[in-house]
Amino acid sequence: MLILLPPSEGKSPATAGTPVDLAALSAPSLTRHRTKVLRALAKASARKNALEVLGVGPSLAEDVARNTRLDSEPAARAAAVYTGVLYAAAGLDDLTAEQSALAAATVRTVSALWGAVSPTDVIPAYRLSMGTDLPGVGPLAPTWRPHLEKVLSPLAAGDAVVDCRSAAYLAAWKPAKGTDWVTVRVLRELDGKRSVVSHNAKHTRGVLTRHLLTRAGEQPRTAEEVLKAAHELVGGALLDATLLDGKNGASTLELVVV
């Protein structure tokens, strides 16, 4: 099983600790491109029009300023740095030792800055989205694609990929044809009618992630086994779970909430 998550927009800066050690992060083959993006981000964040370049508003000026000193900022486990609705529900920083080891092996957050990190990778808080056209690097999704192919494809081979990413992060890497690739869509049921939801979808994807990491039994290895695991939430967090054939080789796991 490979669980793919998007990074949270909001991040919790570490208050103490040593700076990031790029060589110590998982997937060392990404180090060179991580270094290139990190340096380009620092340079872009020091520009007078940095907010415009990074596509953020004035309220995030402090976050952008932090980007200029990420090589010296305190760092913490990604499980603690990534916050927000999805990560609050997933509780990646609140697992047993056994569950944490499983998360380290099976969960990857696809990041515009780091490419992909596990929950145990130690990183600083940063501000950069995958949709950015970063000066000195270019549009980030296509620049990461060949690097992530080498890292994520071996993890996905012969296994189920549970994909909770948004469209911008999907563009950075997609599983090969023939992979049991399951994207997750959340619907709300009201008065017998079902419609796609956005904000609550993050929470529900987080609930599914935590369930997959903490449930008893074998990890799901196929799309059907992912559906079976999701059905264990029906009657509690979910009203229903259905697996639909999708396009481009992906199945869609529809999770229905109230």
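Reader: How much space lies in the second largest pocket?

Author: Keep in mind that this model is predicted. Leu170, Trp181, Thr183, Ala250 and Thr252 are the lining residues nearest the centre of this pocket. As for its space, the second largest pocket comes to about 250 Å³.

Reader: Which element gives the largest share of the lining of the second largest pocket?

Author: Two elements each give two or more residues to that lining: strand S9 (180–190) and strand S12 (250–257). The lining has 12 residues. The largest share is 4 residues, and the element behind it is S9.

Reader: And by class, how many charged residues are in the lining of the second largest pocket?

Author: Let's go class by class. There are 4 nonpolar and 3 polar residues in this lining. That leaves the charged class, with 5.

Reader: How many polar residues are in the lining of the largest cavity?

Author: The structure has 1 cavity of 30 Å³ or more. Its lining includes Ala78, Tyr82, Leu92, Thr109 and Ser118. Helix H4 (78–81) and strand S3 (107–111) each give two or more residues to it. No residue there is charged and 8 are nonpolar, while the polar ones number 2.

Technical notes
Residues are numbered from 1 along each chain as its sequence is written. This is a predicted model: local features need pLDDT of at least 70, side-chain atom pairs count only at pLDDT 80 or more; totals for chains, interfaces and linings use all residues. Side-chain values use heavy atoms; hydrogens and water are left out. On a 1 Å grid over the protein atoms alone, a cavity is a set of points where a 1.4 Å probe fits but cannot get out, and a pocket is an open set with protein on both sides within 12 Å along at least five of seven lines; lining residues have an atom within 4 Å of a point. Grid points are joined across faces, edges and corners, and a volume is the space filled by probe spheres set on the points. Ala, Val, Leu, Ile, Met, Phe, Trp, Tyr, Cys and Pro count as nonpolar, Asp, Glu, Lys and Arg as charged, and the others, Gly among them, as polar.
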